[in-house]
Each structure stands twice: as C-alpha cells, then as structure tokens.
Amino acid sequence: MKISSIAKLFVVLLIASQVTACGVLAVGGVAAGASIAADRRTPGVQAIDKGIELEAGNALAKKFGDNAHINVTSFNQKVLLTGEVKDADIKGEAGSYVKAMKNARSVFNELIIGPNSSYTARANDSYLESKIKTQMIFTDQLPSNSMAIVAEGSSIYLMGILTQNEADIAKKVASNTNGVKDVYVYFDIISQEEKVRLEKQGKADQTQPSSPPKFQ
C-alpha cells in the first residue's frame, strides 16, 4: 500500500524533529494505531523491545557512567549495542548483561573501544539516520516501519523483518547515501508468503541468520 503524500510529509517532519516513539504515540490514537499496524512485529513484541532498550540502557549508563557511551537498540528481540567504551572489559560486561536478559534472543555487540564520541559526531550520526529514514519512506516496496536504522561513527546498522528483495533494496538505499562509511545488516529474512501472513496477522517469524553479513 502506498503512503499518501500528506502522510509521508507528516512522517518526514517527525523524523526531522527527532520525535521519539513515545512522542508519536502521544500525537493521537490514529497516528499511534497506524504506526503499530505497519510494524511486522506484534504490539507485544514492540513493547518487549522498548522494555529491553529502557532497562539495558539505564542499567549500563548507571554501571559505567562516563567510561562508556552505549546505545541499545532492540528489534524483534534482537539487541544491538553501539557506541564507545573505555576498554575490552567494559565491552564484555555490557554484552554479558544484555545476553542475560530473558527477553533478548540474540545480541550483537558492536561497541568500539576508544574515547566517547563528540557531540558533533553524534549530531552527524543523527543527521545520517534522519536522511536514510526519509529515503526509506519514499522508496517503493520498502516497509520502513518494519526496520530500525542506527548510525554510529558514520557506519549504518540495519535491523528488521524483511523479504530478501526488501533487504536488498534497504541495503542499497543505505549504502548509496552520502556520508555513510559502512553498512551492517541484522535482518530476519522472511518469505513472500510469510510477509503476506505478517501483514494480515502482525506476527513475526522468530527465525534468524546465525551471523549478520556485512554489506559495502
């Protein structure tokens, strides 16, 4: 289903202003309902993902303080850690903490050992995320609401529930964006039949690749 021009513009404006998911829900029941309906995760899994992000993010920030800058992204209960940590011990501890969470079915620890990124670098990453998200919205046959896009140090990390064709399109859009250094993907690849089923029932397949490929 194609999104109307007005709807697309509305979403783009939300992205540009970096409104959080909670902010979107507060806009109104129609907008919130549309967002949930377009996501191939069930509402329950969406809530679990948000809980993982909040719990892990708060716990790791409290535990490591200024010795780390850790971002936690969860999609379909697959958890991605990005950012910077002071040393290998902190990286390992952060990964172990998330792996021990009962609702996390897999963890991808992409933390970099080094100084915390500057505000300028983080602003550039936010800009890249917004730019890619906008391009995804305007790309036909691409379910942008069934993906998470994370930028860290000009590298892009993609998560989502997509068919192979959709995954190829998403990787191409991200890799062709100016300013992007590398693109890493962590997709749950589904069949066309599963796509139809999910769009009707909103229930995500739990299968996943054993290791994510890198796309350049």
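Are Tyr-157 and Tyr-186 buried or exposed? Both Tyr-157 and Tyr-186 are buried, where buried means under 20% relative accessible area, exposed over 50% and partly exposed in between, with a 1.4 Å probe and protein chains only. This is a predicted model, in which local features need pLDDT of at least 70, side-chain atom pairs count only at pLDDT 80 or more, and totals for chains, interfaces and linings use all residues. Residues are numbered from 1 along each chain as its sequence is written, and side-chain values use heavy atoms, with hydrogens and water left out.

**Overall**
- The protein chain has eight helices and eight strands; these are DSSP runs numbered from the N terminus, helices being H or I of at least four residues and strands E of at least two.
- Of the 216 residues in the protein chain, 43% are buried.

**Nonpolar cores**
- A nonpolar core is a set of buried Ala, Val, Leu, Ile, Met, Phe, Trp, Tyr and Cys residues joined through side-chain atoms within 4.5 Å.
- The largest nonpolar core has 18 residues, of which Met-136, Ile-156, Leu-158, Ala-170 and Phe-187 touch the most other members.
- At least two residues of this core come from each of α6 (119–137), β5 (147–152), β6 (155–163), α7 (164–175) and β7 (182–190).
- With four residues, α7 supplies the largest share of this core.
- A second, separate core of 17 residues includes Val-79, Val-98, Ala-104 and Val-107.

**Aromatic pairs**
- The structure holds three aromatic pairs; rings of Phe, Tyr and Trp (its six-membered ring) pair if their centres lie within 6.5 Å, and planes under 30 degrees apart count as stacked, over 60 as edge-to-face and the rest as tilted.
- Tyr-157 and Tyr-184 are stacked, at 5.3 Å centre to centre and 15 degrees between the planes.
- Tyr-157 lies in strand β6 and Tyr-184 in strand β7, so this pair ties together parts that are 27 residues apart in sequence.
- Tyr-157 also stacks with Tyr-186, at 6.2 Å centre to centre and 25 degrees between the planes.
- Ring pairs link Phe-108, Tyr-157, Tyr-184 and Tyr-186 into a cluster.

**Ser-146**
- Ser-146 sits in the loop between α6 and β5 and is buried, with a relative accessible area of 0%.
- A polar atom of the Ser-146 side chain lies 3.0 Å from the backbone nitrogen of Arg-40.
- Leaving out residues up to four places away in sequence, the residues that Ser-146 touches (heavy atoms within 4.5 Å) include Ala-38, Asp-39, Phe-75 and Met-159.

Terms used
Polar contact = N/O pair within 3.5 Å; in protein donor to acceptor, adjacent residues only side chain to side chain.
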